[in-house]
Amino acid sequence: RGLDVPEVDHVVMFDFPLNPIDYLHRAGRTARGGADRDRSGKSEGQRRGVRPGNGRVTALVAKRDRVLAMAIENAVRNGEPIDGLSSRKSDYLPGGRLGAGSS
């Protein structure tokens with residue numbers, strides 16, 4: 001899935017993912033915030049003052065990526081899961097799979 005670099009607390013996505021699961025995999029590294037522990041019991045993140053779960057993600061979003069990017073941003077802001085989100089605009093319209101009036 002990529003490189004395993006425990007000290008990562010900021011991910012920059014130059015190519016926005018096409019689905020929410022890929023977003024989770026790419027951004028997930030920041031949630032650890034350097035959580036791997038050394039012999040003293042401190043994580044790399046703790047030694048650098050970064051608390052686990054406080055990583056940052058910067059994503060470059062093209063026009064074609066806006067629907068999914070906005071859906072992810074809203075879900076994260078509201079504390080909702082993102083795994084069921086879609087990149088299709090029609091899914092968010094009234095009567096759509098995720099739109100107003102859907103259950």
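Guide: This is a predicted model, in which local features need pLDDT of at least 70, side-chain atom pairs count only at pLDDT 80 or more, and totals for chains, interfaces and linings use all residues. Residues are numbered from 1 along each chain as its sequence is written, and side-chain values use heavy atoms, with hydrogens and water left out.

Visitor: Which residues make the nonpolar surface patch of about 320 Å²?

Guide: A patch takes residues with over 30% relative accessible area and no salt bridge, nonpolar side chains (Val, Leu, Ile, Met, Phe, Trp, Tyr) being joined within 5 Å and like charges within 9 Å. Areas follow the Shrake-Rupley method with a 1.4 Å probe, and for residues only the protein chains shown count as cover. The patch is made by Val12, Phe14 and Leu60.

Visitor: Is Phe14 buried or exposed?

Guide: Buried means under 20% relative accessible area, exposed over 50%, and partly exposed in between (1.4 Å probe, protein chains only). Phe14 lies in the loop between S1 and helix H1 (20-32); helices (H or I, at least four residues) and strands (E, at least two) are DSSP runs numbered from the N terminus. With a relative accessible area of 67%, Phe14 is exposed.

Visitor: Which residue in S2 stands opposite Val12?

Guide: Strands pair if DSSP finds at least two bridges between them. S1 and strand S2 (residues 56-59) pair in the parallel sense over 4 bridges. Opposite Val12 stands Thr58.

Visitor: At what angle are the ring planes of Phe16 and Tyr23?

Guide: Rings of Phe, Tyr and Trp (its six-membered ring) pair if their centres lie within 6.5 Å; planes under 30 degrees apart count as stacked, over 60 as edge-to-face and the rest as tilted. The whole structure holds 1 aromatic pair. The centres of the Phe16 and Tyr23 rings are 6.0 Å apart, and the pair is tilted because the planes stand at 45°.

Visitor: With which residue does Asp65 form a salt bridge at 3.7 Å?

Guide: A salt bridge is a side-chain nitrogen of Lys or Arg within 4 Å of a carboxyl oxygen of Asp or Glu. The closest N and O atoms are 3.7 Å apart, and the partner is Arg64.

Visitor: What N to O distance is found between Arg77 and Glu73?

Guide: Both residues lie in helix H3, 4 residues apart, about one turn of the helix. Arg77 is exposed at 56%, and Glu73 is partly exposed at 46%. Their side chains meet in a salt bridge at 3.0 Å.
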